[in-house]
Amino acid sequence: MSPEQGGGLLQCKVGQVSPQLHGKSIVCCDNEDLCNQDLKPNYSPRTTTTPEPPLVNTNTMPLFALVISIAFCLGLLVLVLGAIYCMYRRREKRKPAYLMNSLYNTTNGHMPIADLVEQTSGSGSGLPLLVQRTIAKQIQMVHSVGKGRYGEVWLAKWRDEKVAVKIFFTTEEASWFRETEIYQTVLMRNENILGFIAADIKGTGSWTQMLLITDYHELGSLHDYLQKRVLNPHMLKMLALSLASGVAHLHTEIFGTPGKPSIAHRDIKSKNILVKRNGQCAIADFGLAVKYTSESDEIQIAPNSRVGTRRYMAPEVLSETLDLKVFEGFKMADMYSVGLVFWEMARRCITTVRGAKNTTTCEDYALPYQDVVPSDPSFEDMYAVVCVKGVRPPIPQRWQDEDILVVLSKIMQECWHPSPAVRLTALRVKKTLVKLETDCTIKIV
Ligand SMILES: Nc1ncnc2c1ncn2[C@@H]1O[C@H](COP(=O)(O)OP(=O)(O)OP(=O)(O)O)[C@@H](O)[C@H]1O
Ligand SMILES: [Mg+2]
């Protein structure tokens, strides 16, 4: 057979060095047509193997093998990563439908709220609106846990999970709107800020119901908690540090995409701080909050007639000297209120009585300025006490006996300084408290 017909190894090349001389038997003839029909090549298998001539230089063999295997592995890795990426993209596209399925699907078990929230964008701006509305429809109210100036808070159930539902009074639409908007600010989620689940508004022209669904914390507000419980120094540090961390997160502007505006709360008080089971605080109630982005240098004040709680108002707010165009001023006013909350916490921290090793003591729970203003103080009452007389809550002598109380009393006094520029920032307070070692040995009996 000629090479063009693909004869290859079957070609007769008698006398030449060619592959068929090794391990094959070929008999050749060319004396007449079809002369090969009677040929009987005699093939006897070899008993010893003669080494095949190496195709490539043996010295380069390991290197060659290495390069091939690395290339193969890289190729495989690229393929696997590509497949994972495609799957991720497909799942992202299906997400709303997928989340909705998990809301309605009761047969295959269901996703807890924390996982549902986790499934949404990493920016932490909340669940898709359709999902929020569906959750709101599936809520079952259990009982009321408290009433405030702007609405009533209920313990409710979503499937087996406890959630808190704040039903806003019909006149408080602006508060609902503002709070919903703030909770859905990108990068707002933080362990020291109350976890937002869903918001919903429904009704006709004459009647509207506005709901805000959040995590439920059975220990209630810090105000409730401090009335019933005392703290050891370690618990006090946890509460104070977590409050400072939450406020620092709110106040800090994050640059980049996505970025987070700086947020001032404007209604910080012990009733608007919840106590979590892990002993940390979660800041709630954002109906009055303001946002600020340095890029646009614009302070977005809520279209909301609400003012903060007079008892916790900073002197510059009471005297109406706060410059509404300077955002730093709102943050410093928040720090004044944080100082008062630290004072409420510190009073409930037990210390051992000097000379009596096994006896502990602390002050009773009190609201700031409780003994100098009436129970629902007017602007004038607060102005006279805080701005004119310059009164601040008293620092008991026993606080000098415990490190955390010494540090916290210094911090609170710097926070409620009459001059806003002198006050500590939330980040400064957080850093000071982080460094502090506390005593866990004092037992609450
Ligand atoms: N997420 C929650 N988990 C558990 N309890 C809550 C939750 N949110 C609020 N509460 C309870 O409901 C009460 C009422 O809260 P609400 O915010 O309506 O009023 P307030 O904070 O007491 O007063 P204000 O209207 O001045 O803010 C709180 O004091 C607290 O005890
Ligand atoms: Mg509140």
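## Helix packing and pockets

In α6, P233, L236, K237 and A240 meet I404, L405 and L408 of α10, where contact means heavy atoms within 4.5 Å. By class, those contact residues are 6 nonpolar, no polar and 1 charged (Ala, Val, Leu, Ile, Met, Phe, Trp, Tyr, Cys and Pro count as nonpolar, Asp, Glu, Lys and Arg as charged, and the others, Gly among them, as polar). Before going on, note that this is a predicted model, in which local features need pLDDT of at least 70 and side-chain atom pairs pLDDT 80 or more, while totals for chains, interfaces and linings use all residues. Residues are numbered from 1 along each chain as its sequence is written, chains are lettered from A and ligands numbered from 1 in the order written, and side-chain values use heavy atoms, leaving out hydrogens and water.

Back to the helices, which, like strands, are DSSP runs numbered from the N terminus (H or I, at least four residues, for helices; E, at least two, for strands). The axes of α6 and α10 (residues 403–415) come within 9 Å and cross at roughly 30 degrees; axes are lines fitted to C-alpha atoms, for helices over the stretch in contact, and angles run from 0 to 180 degrees between N-to-C directions. So α6 and α10 are roughly parallel (under 35 degrees; over 145 is roughly antiparallel, 65 to 115 roughly perpendicular and the rest oblique).

Helix α6 (residues 233–251) also packs with α8, at about 170 degrees and with axes 11 Å apart. That pair is therefore roughly antiparallel. On the α6 side, the contact includes L236, L239 and L243, and among the α8 residues are V338, V341 and F342. This contact divides into 11 nonpolar, 1 polar and 2 charged residues.

Now for the pockets (on a 1 Å grid over the protein atoms alone, open sets of points where a 1.4 Å probe fits, with protein on both sides within 12 Å along at least five of seven lines; lining residues have an atom within 4 Å of a point). K147, G148, K271, N272 and D285 are the closest to its centre among 43 lining residues. By class, the lining has 15 nonpolar, 13 polar and 15 charged residues.

The second largest pocket has about 540 Å³ of space. Its 27 lining residues include R266, V307, M313, V317 and L322, the closest to the centre. Helix α8 returns here, giving the largest share of that lining, 4 residues.

Note on methods:
Grid points are joined across faces, edges and corners, and a volume is the space filled by probe spheres set on the points.
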